[in-house]
Structures are given as structure tokens and as C-alpha cells.
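Okay, thanks for making time, everyone.

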Amino acid sequence: MAERIGVYLTCEGLGDCLFAIPVLKSLLKNWGEPITLDIFTHHPDLFRNSPYVKTASPIGDGTALQLYASSRRVIKMFDTEWCHHQKIDTFDFMSIPLRLGTLDFDEKQLEYFPLEADQAERFDVVLNTSQTWITRSWPHESWQRLADRILEQGHSVAVIGKDSYSQADRLMKTSRPLAGCTDLTNRQSIDQAFHTINRCRLFVSGQNGLSVLAGATDAEIVVLGSSIAWSHRAIYRQGNPMHRITYATGHCDSYCGASGQCRKNGSREQFDCVPGYAAVEQAVMARLSAWKSLTAG
């Protein structure tokens with residue numbers, strides 16, 4: 001019989017948990033003998049329909065995990081003691097300590113397995129106005145200006161996202177609606193957010209969990225910012241980290257992790273890694289123009 005092994009996935013972030021799914025797939029493939037995985041995580045719903053795990057349980061106060069560990073082997077994923085995870089590709093950060101080595105591009109294909117049936121509406125453009133750290137957030141007035149520009153082109157636009165408090169980051173993360181756009185903020189489950197992104201022509205977001213979730217779809221994506229090097233959070237699809245994705249970056253190409261003051265320009269209000277409005281509008285309009293040309297042809 002296959003050995004039952006517990007996986008203790010320590011990360012709290014939605015995006016980090018999604019990166020774990022391909023690593024679990026590789027773990028099953030390369031263990032060397034048949035195994036069955038039971039995962040303990042802060043986001044069990046992400047894994048309940050996954051073919052790579054038998055059960056998905058919340059970490060909670062750790063009691064269930066301790067009871068499991070008393071009779072079965074448990075391996076730890078997302079071990080922050082061996083390396084600073086923001087300095088390495090997230091897939092490799094999880095796979096190397098498991099003795100899997102680095103995964104190839106095909107193995108890094110992001111996947112998601114929703115539990116809920118698709119009930120989403122179809123929109124041309126879906127925006128995620130998430131406000132988190134200053135280096136990963138775009139001003140609300142800039143989001144509104146971009147939405148107005150897209151609406152002027154005759155496209156339908158929806159805004160998605162959910163307010164949540166991160167215990168690990170000690171940070172309230174918010175997503176605000178935009179005038180003239182369909183407001184889906186704080187109204188969707190992760191499954192329906194996935195379906196909404198999957199149906200749209202273009203998804204625009206900062207670097208966050210939903211930008212990673214979008215990597216499990218074939219939607220065209222524009223990601224704002226460069227506070228984390230894109231190669232450390234690469235969205236691999238069809239073995240290609242640049243497949244149907246555009247990164248609208250600022251004027252800094254190195255990640256420093258600063259949040260109180262920009263180390264490049266000394267400002268506490270303007271961070272060079274955050275893109276200006278013109279760069280984002282140009283990226284978005286280029287993708288919409290390409291789509292128009294394709295459909296017209």
C-alpha cells in the first residue's frame with residue numbers, strides 16, 4: 001500500500017499556496033515509491049479538489065497536525081529557515097528542500113482545481129485594485145483613470161478582489177470598486193474569481209495572489225510593479241514564463257524589500273519599483289489593440 005505522508009504547508013499567502021500545487025505534483029512523481037499526500041494548510045479549499053492530495057485540512061491551532069505526526073511522517077513545505085524566499089524562484093524555494101532539485105519549465109505549470117461550478121459573467125477586462133504594501137499597490141485614482149480609458153474604448157470592465165487581514169504580514173489588504181465598472185469586490189469566492197478571470201479577455205493586477213491564480217488560466221495578463229523580480233514569481237504556462245503576460249514595471253530592476261522609504265530615490269511616498277500611469281496604460285492598450293486586431297482578422 002502507498003505510504004500516507006503529511007505535508008505541512010506553512011505559508012499564509014494565497015499565491016504562495018498556489019505555487020505549491022505543481023511542487024506536490026512533482027513530489028508524487030519523483031518520490032521513488034507510491035505515496036499518498038495529506039496536506040495541512042491555511043487555505044485547505046485550494047486543495048480539496050486537487051488530484052495530488054488525499055485530504056486537505058486547516059492548520060488551525062496545530063492539534064490535528066500534531067496528532068497526525070504522532071503516527072505518520074510529515075514533511076514541511078515553505079521552510080523559511082533555509083533561505084530568504086524572496087531571493088529565489090518560489091517553485092525552487094519549495095522543491096529544493098524536498099530534494100526534488102529545481103523544476104523545469106513544464107513542471108512549473110500553475111494549476112487550479114475549483115470546487116464550484118462556473119457561475120461567472122464574461123467581461124472584456126477584469127481589474128484587481130488590491131492595496132497591500134506600498135511597493136505592490138497602485139494609487140486608486142490611477143486605477144480609476146485606467147478604468148475610464150478602457151470604458152471609453154467600449155469594453156466591459158469588472159473589478160474583483162477581497163478585503164482580508166494577514167496575520168503573518170500584520171497588514172489589511174483591500175480591494176476597492178471603481179466607478180462605471182461592475183463591482184465584484186468582496187462578493188466572490190476564490191473559485192468564482194478564478195472563473196471570472198478565466199472568462200475575460202484581459203486581467204490586470206498587481207503582484208498578489210490573484211495574479212498567481214490567473215496563471216492557471218489562459219487569460220491575457222498585465223502585472224503591475226517590480227518590487228519582486230518577475231523571475232522569482234514567474235507565471236509559467238505552456239513551458240514559457242512570458243506566455244500571454246506583460247509586466248508593466250517601474251524604474252527599478254532590483255528587489256530590496258523596503259516599505260518605509262525607497263532606497264533608490266529616498267522618498268517615503270514614491271517608490272521607483274511602482275510603475276507610473278503611462279507605462280500601465282500603454283501595456284493595457286497594447287494588449288487590447290492586439291485582441292481587436294485578432295478578432296477583426
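**Salt bridges, starting with a lysine**

So, Lys 108 and Asp 89 form a salt bridge through their side chains, at 3.6 Å from N to O. That pair ties together distant parts of the chain: Lys 108 lies in the loop between α3 (90–95) and β5 (125–128), and Asp 89 in the loop between β4 (73–77) and α3, 19 residues apart. Helices here are DSSP runs of H or I with at least four residues, strands are runs of E with at least two, and both are numbered from the N terminus.

Before I go on: this is a predicted model, where local features need pLDDT of at least 70, side-chain atom pairs count only at pLDDT 80 or more, and totals for chains, interfaces and linings use all residues. Residues are numbered from 1 along each chain as its sequence is written, and side-chain values use heavy atoms, with hydrogens and water left out.

My rule for a salt bridge is a side-chain nitrogen of Lys or Arg within 4 Å of a carboxyl oxygen of Asp or Glu. That gives 13 of them.

Back to Lys 108: buried or exposed? Lys 108 is buried, at 4% relative accessibility, and Asp 89 is buried at 9%. Buried is under 20% relative accessible area, exposed is over 50%, and partly exposed is in between, with a 1.4 Å probe and protein chains only.

Lys 108 also pairs with Asp 92, again at 3.6 Å, N to O. Asp 92 is in helix α3, 16 residues from Lys 108.

Elsewhere, Asp 79 bridges to Lys 76 at 3.8 Å, and Lys 76 is partly exposed at 37%. Finally, there's a salt-bridge network linking Asp 218, Glu 220, Arg 244 and Arg 287.
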